[in-house]
Amino acid sequence: MASLQRFGTWAVECSKPSSNIVQTKQVIRPIIPPLSRRSVILISVLSLDLISPPLQTLARERRNRKVIPVEEYLTSSDGLKYFDIVEGKGPVAEKGSTVLVHFDCAYRGITAISSRESKLLAGNRSIAQPYEFKVGATPGKERKRDFVDNPNGLFSAQASPKPPPAMYSVVEGMKVGGKRTVIVPPEAGYGKRGMNEIPPGATFDLNIELLEIMPPEGK
């Protein structure tokens, strides 16, 4: 009959002699120590990392799927390229309509200007203040400092940053709740001066969300 003898982490199996014949058989087998719970978890995590792609790769693929081919853009009456990401279901903004919008100007994927990061003139706090203007009006006319007492208890004009001239015309035809992205060339943007991270003479993306169409005065 064979017996099992242990030497450190190795086991040796020896057979005992029978009657007249002496047989010796040695089988060396490694003894695997039991795995701790922590080791099992680490092995599982490493296996998943090898099977699934890195999170950064997945995020990059999701961003790439959002890129809209230029040929799918429409052209406005003044030659601006635009694409409606969300069409909206509310009233339509017409020339002469007073509207409230949120807008973002992005240069090479970086948001340089946003009405969601407006600053009060009478303080250093940041607020998300929609921008109010009249569709088709002269750019910047509504920014005259007609001070009023706002809900924050401070006297302020429009706190939103200066929008590009393209926004005053390209909003025409949008529906409330709609979101539109526009390719803004330098002549319809910030021209030779630039603005914040948008360099002089640069083309950038303008993203507009139409929040509300204000009723005409006196109604």
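A residue is termed buried at under 20% relative accessible area, exposed at over 50% and partly exposed in between, with a 1.4 Å probe and protein chains only. The structure is a predicted model, in which local features need pLDDT of at least 70 and side-chain atom pairs count only at pLDDT 80 or more, while totals for chains, interfaces and linings use all residues. Residues are numbered from 1 along each chain as its sequence is written, and side-chain values use heavy atoms, with hydrogens and water left out.

By this criterion, Phe 103 is buried, with a relative accessible area of 0%. Tyr 131 is likewise buried, at 0%. A search of the whole structure finds five aromatic pairs, defined as rings of Phe, Tyr and Trp (its six-membered ring) with centres within 6.5 Å; planes under 30 degrees apart count as stacked, over 60 as edge-to-face and the rest as tilted. Among them is the edge-to-face pair of Phe 103 and Tyr 131, at 5.9 Å centre to centre and 90° between the planes. Phe 103 belongs to strand β6 and Tyr 131 to strand β10, so the pair ties together parts 28 residues apart in sequence. Helices (H or I, at least four residues) and strands (E, at least two) are DSSP runs numbered from the N terminus.

The rings of Phe 133 and Tyr 168 are also edge-to-face, with centres 5.1 Å apart and planes at 65°. This pair links strand β10, which holds Phe 133, to helix α3, which holds Tyr 168, across 35 residues. Phe 133 is buried at 2% relative accessible area, and Tyr 168 at 3%. Ring pairs join Phe 103, Tyr 131, Phe 133 and Tyr 168 into a cluster.

Leaving aside residues up to four places away in sequence, Ile 198 touches Cys 105, Tyr 107, Ala 112, Ile 113, Tyr 190 and Phe 204, a contact being heavy atoms within 4.5 Å.

Strand β13 pairs with β5 (residues 81–86) in the antiparallel sense over five bridges, where pairing requires at least two DSSP bridges between two strands. Strands β13 and β14 also run antiparallel, joined by six bridges. Lys 179 of β13 is the bridge partner of Val 86, and in β14 the bridge partner of Lys 179 is Glu 209.
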